[in-house]
Amino acid sequence: MIDLRSDTLTKPSRGMRAAMADAEVGDDVYGEDPTVTALEARVAAMFGKEAAVFTPTGSMANVLAVGALVAPGQEVLCESRAHIVRAELGAHGALTGITSRTWVHPDGQVDLPTIREMYAPDMGMYFVRTTAVSVENTHNFAGGAVLPLADLKALRAWADEVGIAVHLDGARIWNAHVATGTPLVEYGAIADTMAVCLSKGLGAPIGSLMLGTTEAVAAARVRRKRLGGGMRQVGVLAAAGHYALDNNIDRMTEDHANARLIAEACGVDPASVPTNIVVVDVPSAPEVVAAAAEQGVKLGAVGPRRVRLLTHLDVTHDDAVNAAEILARLLR
Ligand SMILES: *Cc1c(COP(=O)(O)O)cnc(C)c1O
């Protein structure tokens with residue numbers, strides 16, 4: 001089976017498992033797990049942020065981050081298919097009391113003129129106040145789209161002008177970094193808070209981090225505990241993260257090349273596939289998913305006539321060539 005349903009499906013490699021087995025650990029709720037503490041400091045430094053906190057999932061990192069910026073009853077603006085409003089089961093509203101409004105962009109991009117129009121300043125007790133804008137890079141449901149740094153910088157400059165915050169959902173920021181060569185600190189510089197995942201293309205079995213100021217991260221630690229996310233000897237998991245950062249960032253270029261190869265075979269312009277996600281319009285998604293599975297390729301349906309496939313660490317070049325042949329035959 002060549003499993004292209006998601007880049008979360010990777011299994012920890014032998015080397016990663018060895019690193020996990022050897023991890024030095026302690027009780028992280030007491031702040032005594034050296035492997036976790038080192039991972040938090042390491043990732044914060046990679047993005048030029050003051051501090052970071054380790055979380056089990058990217059969803060929790062997003063909830064902590066947006067919750068650090070937006071008070072209950074205030075709003076965050078984001079693109080209509082953003083993970084925070086489409087795929088976190090209403091967590092920001094249900095758990096933090098945050099409201100949202102969305103702009104629509106076919107490629108998941110920052111639309112600053114529209115954002116400026118949507119922005120609601122503090123009007124006392126009459127209107128919901130905008131306190132943050134959230135952007136997603138790469139944009140998952142826009143096919144792994146990369147947000148150009150220039151657009152992010154323009155958003156940052158405007159946010160500073162009006163005095164609101166910017167959150168960056170960087171679950172796949174590594175893919176954006178590898179695809180464009182943009183230094184990670186440049187991404188860190190446009191955001192007040194960030195969420196990054198170790199369990200997507202980087203191949204760790206679990207783990208994300210929320211990044212921000214020392215103050216925001218201290219508040220996030222309290223919230224994480226309140227959500228039941230105070231974890232104990234999780235250095236074994238943080239060790240997987242260290243291993244992933246050491247070994248699995250630069251190799252993502254292979255995932256991106258494999259994605260373009262498969263895209264071309266599916267009749268999708270490879271130039272429209274900047275990273276590791278390919279979205280293909282088909283006559284019937286359930287039929288294509290079933291037929292592909294029968295021939296050894298697993299895909300995901302993301303609409304009645306749309307399938308999505310992702311390349312990752314556990315998809316070799318040969319797998320990609322095989323999948324491309326199978327899908328080309330099937331879609332013809
Ligand atoms: C996967 C993902 C997350 C976090 O997902 P979890 O499954 O909660 O780890 C957040 N944002 C984006 C854009 C994602 O793709």
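Residues are numbered from 1 along each chain as its sequence is written. In this predicted model, local features need pLDDT of at least 70 and side-chain atom pairs count only at pLDDT 80 or more, while totals for chains, interfaces and linings use all residues; side-chain values use heavy atoms, with hydrogens and water left out.

The ligand has 13 residues around it, and Gly58, Ser59, Asp169, Arg172 and Lys200 come nearest; a residue counts as near if one of its heavy atoms lies within 4 Å. Helix H3, residues 58–69, gives the most to this shell, with three residues. Helices (H or I, at least four residues) and strands (E, at least two) are DSSP runs, numbered from the N terminus.

Some of the side chains can be followed atom by atom. A polar side-chain atom of Ser59 lies 2.6 Å from an oxygen atom of the ligand. An N or O atom in the side chain of Asp169 is 2.7 Å from a nitrogen atom of the ligand, and one in the side chain of Lys200 is 2.9 Å from an oxygen atom of the ligand.

Elsewhere in the description comes the sheet. Strands of a sheet pair through backbone hydrogen bonds, either parallel or antiparallel. Here three strands form an open sheet in the order S9-S12-S11, with antiparallel pairing; two strands pair if DSSP finds at least two bridges between them. Strands S9 (277–281) and S11 (300–303) are the edges, each pairing on one side only. S11 pairs with strand S12 (residues 306–310) over three bridges, and Gly300 stands opposite Arg308 in S12.

Methods:
Polar contact = N/O pair within 3.5 Å; in protein donor to acceptor, adjacent residues only side chain to side chain.
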